[in-house]
Amino acid sequence: MHLSFEQVDKRFGKLEVIKGFSGEMASGELVALVGPSGCGKSTLLHLAAGLEKPTAGKVTADGNAITQPGPKRTLVFQEHALYPWLTLVDNVAMALEMQGIGKSSAREQAKTWLGRVNLAGFEQYYPHQVSGGMRQRTALARAFIASPEVLLLDEPFGALDALTRMALQDVLRELIEEHKPTVLLVTHDVDEALYLADRILVFSNRPARVLKEFNFTHCEKSHDLSEFASERKEILALLGIKTEVEHS
Amino acid sequence: MSQQRRLTGPKKYLAVLLAVVFILLIWQAAAWSLPSFLMPGIPTVLERLFASIQQPEFREGLAGSMSRLGAGYGFALLFGIGFGLVGGILFFFRETLRAAIVILQSIPSIAWVPLFLIVMGFGNLPMIVVVALAAFFPMALSVMNATESVQPVHVAAARVMGASRWQLIKRVYLPAVMPELITGAQLAFGNAWRALISAEMLIGFGQGLGRSLAYSGEIADMVGVMTNILVIAILATLIDQVVLEKFKQRMLRYQYV
C-alpha cells in the first residue's frame, strides 16, 4: 500500500503540531521518523492510522483518503496496549474477532502466531505475568495476524532494555521481510532507525518539518552499524547531540 | 507478583472470624448487663431463629423481601451499568447525568416513600422503586467515573483493529471498568439492602424482614427484634461476602493469577 501525505497540517486547538508535511512512502518501504520528543511524529502515525484527521491537506493510502481506522493499517504502541484482562492468545485473537472471524478459528490462528514470535507455551499467560519483551512480541503478533498492508510502529521497543530490543528488532525484520507491509517507524533510537529503515526522515522541533532525509535502500545491514558511522553522526548532530570531544 | 498486597487463605478467614466474635461478644455483654426483656442473649435469639425458620410465614416473608431486593437491585444494576457506559463515551451526556445524580443522590431514597405510595399505590411497587433508586446512583457513578480512566491506548488499539462502537463498549470499556463496576455493585447492594429494610418497616405492606422487625418492636418482643436484626445481618453478609465476592474473583481472575 502506497502512503502519501500532501501538505498536511495538524493543529490541536492552538498548538501547531505538523505544518506543511509532504511525503511519499512506497509500497513495502520502511521509513523511520526520527526527531525530538513531542515533535509530532506520533501524530503523523495517528493520521496514517485514521485515528486523527488532518486540519489541512490530505493523507491517502493507494490514492484513497484515510478517514477512519481500519485493519489494513495497523498501529503498534510503545507498551501497555495489550488488554490486561485477556490472556496473550486472546489478545492476539481479538484482532481477528474484530473482523468477524469466529472465536475458535481466531484462537487457532493466534496460537500459530504466538509460536511464530517464539511464545509457544505462553498462550494462557496474562500480560502482567510476562516480561516487557514478551509483551511486545505479543503486540507484534497481534499486529501481523490481521495481515496489514501498512504497519505503523510508535516507538515499539522504547521501553525495553538494549539486548531485548535488538532481539525484537530481528523478529520484526523477519516478519517484515516475509509480509512486506509498508512500514512507518517512529523511534528515538538512531541505531534502530539505521538498522531497520530503507529511509530515515529527521524531524525538527514542533511544528514538525523534515530537516534531512537519508536513503539506505538496498543496503545489507547487521547490528554492527560501523559502516554507517558518518550518517549516525550526522543524524545525532541534527538532533542536537554532541558527537565530538571538546578540547579546551 | 512478588509482593503480597492482600491477605489470602486461612489468615483472611481468621480476620473475618475475629470480627464476628467481637460483635457477638459486645452483644452478649449487653445482654448480661441489661434485663432480659430489654436485651435478649444470643442463645435465646438463636432458639427463636430456629423456631422461626420452621414456620412457613417467616419463610414467605423472607422470600418476599428477597424478591423485592432482586427486582430493585437488578433494575439498578442494569440501568446503572448501561447509563454509566453510555456516559463513558458521550461526554456531554456524562456531565449532565453526573450533575443529576449528585443532586438526586442527596435525597435519602426513603424520603420518596410518601410520594411513591400515593402515585403507585400501596403494594410492592413503591418498595421496589425505592430499592432501585438507592442502588442506581452508586452503580451509575462508579461505572461512569471508571470509564474516564480507561486508557486511551486501549481504545485506540481496538479502533485500529476495526472495532465498532458496540464492540468498543463490550470488549474494551466493560472489561476495563470491571473492577470499579464490582466495587460499585457492592456499594449499591449496601444501599439497596438498607433501603429495602427501611421501606418495608415504613410501608408495612405484605410480609418481609422489615415488616416483621417493625411489628416485633410494636409488641415489645425484643427476642423477635434481635432475631430479625440477626437475619438481616447474616443475609447481607452472605450476599456481599460470598455471592458478590465470588463473582468478583471470577470476573477479575486475571488480577489474582
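Residues are numbered from 1 along each chain as its sequence is written, and chains are lettered from A and ligands numbered from 1 in the order in which they are written. In this predicted model local features need pLDDT of at least 70, side-chain atom pairs count only at pLDDT 80 or more, and totals for chains, interfaces and linings use all residues, while side-chain values use heavy atoms, with hydrogens and water left out.

## The sheet in chain A

Helices (H or I, at least four residues) and strands (E, at least two) are DSSP runs, numbered from the N terminus. Two strands count as paired if DSSP finds at least two bridges between them. Strands of a sheet pair through backbone hydrogen bonds, either parallel or antiparallel.

In chain A, six strands make up an open sheet with mixed pairing, in the order 6-7-8-3-9-10. Its edges are strand 6 (73-76) and strand 10 (210-215) of chain A, each of which pairs on one side only. Neighbouring strands of this sheet are turned by 15° against each other on average, direction ignored. Helix 7 (residues 229-238) of chain A packs on the sheet and touches strand 3, strand 9 (199-203) and strand 10 of chain A. The direction of this helix makes about 170° with that of strand 10 of chain A. Here contact means heavy atoms within 4.5 Å; axes are lines fitted to C-alpha atoms, for helices over the stretch in contact, and angles run from 0 to 180 degrees between N-to-C directions.

Strand 3 (residues 30-34) of chain A pairs in the parallel sense with strand 8 (residues 182-187) of chain A over five bridges. In this pairing, A:A32 stands opposite A:L185. Strand 3 of chain A also pairs in the parallel sense with strand 9 of chain A, over four bridges, and A:V34 stands opposite A:V202 there.

Strand 9 of chain A is joined to strand 10 of chain A by five bridges, and the two run antiparallel. They form a hairpin with six residues between them, and A:I200 stands opposite A:F214.

Is strand 9 of chain A largely enclosed or open? Five of its five residues are buried, so strand 9 of chain A is largely enclosed by the rest of the structure. Buried means under 20% relative accessible area, exposed over 50%, and partly exposed in between (1.4 Å probe, protein chains only). On one side of the strand A:R199, A:L201 and A:F203 are buried, and on the other A:I200 and A:V202.

## A buried helix

Helix 2 (residues 88-97) of chain A has 10 of its 10 residues buried, so it is largely enclosed by the rest of the structure. Among these buried residues are A:D90, A:N91 and A:E97. The cover comes from both chains: it includes helix 3 (103-116) and helix 4 (132-144) of chain A, together with helix 7 (152-160) and helix 8 (165-203) of chain B.

## Salt bridges

Side chains of opposite charge can pair when their charged atoms come close. A salt bridge is a side-chain nitrogen of Lys or Arg within 4 Å of a carboxyl oxygen of Asp or Glu. Three of them are listed here.

| Salt bridge | N to O distance |
|---|---|
| A:E52 and A:K10 | 3.8 Å |
| A:R116 and A:E178 | 2.6 Å |
| A:R173 and A:E177 | 3.9 Å |

A:E52 lies in the loop between helix 1 (41-49) and strand 4 (56-61) of chain A and A:K10 in strand 1 (residues 3-12) of chain A, so this pair ties together parts that are 42 residues apart in sequence. A:E52 is partly exposed at 25% relative accessibility, whereas A:K10 is buried at 7%.

A:R116 in helix 3 of chain A and A:E178 in helix 5 (residues 162-179) of chain A are 62 residues apart. A:R116 is partly exposed, with a relative accessible area of 26%, and A:E178 is partly exposed at 48%.

A:R173 and A:E177 both lie in helix 5 of chain A, four residues apart, about one turn of the helix.

In chain B, a network of salt bridges links B:R94, B:E95, B:R98 and B:E148.

## A surface patch in chain B

B:L14, B:L17, B:V21 and B:L25 form a nonpolar surface patch with about 410 Å² of accessible area together. Patches are made of residues with over 30% relative accessible area and no salt bridge; like charges are joined within 9 Å and nonpolar side chains (Val, Leu, Ile, Met, Phe, Trp, Tyr) within 5 Å. Accessible areas come from the Shrake-Rupley method with a 1.4 Å probe, and for residues only the protein chains shown count as cover. B:L14 lies in helix 1 (residues 10-33) of chain B and is exposed, with a relative accessible area of 55%.
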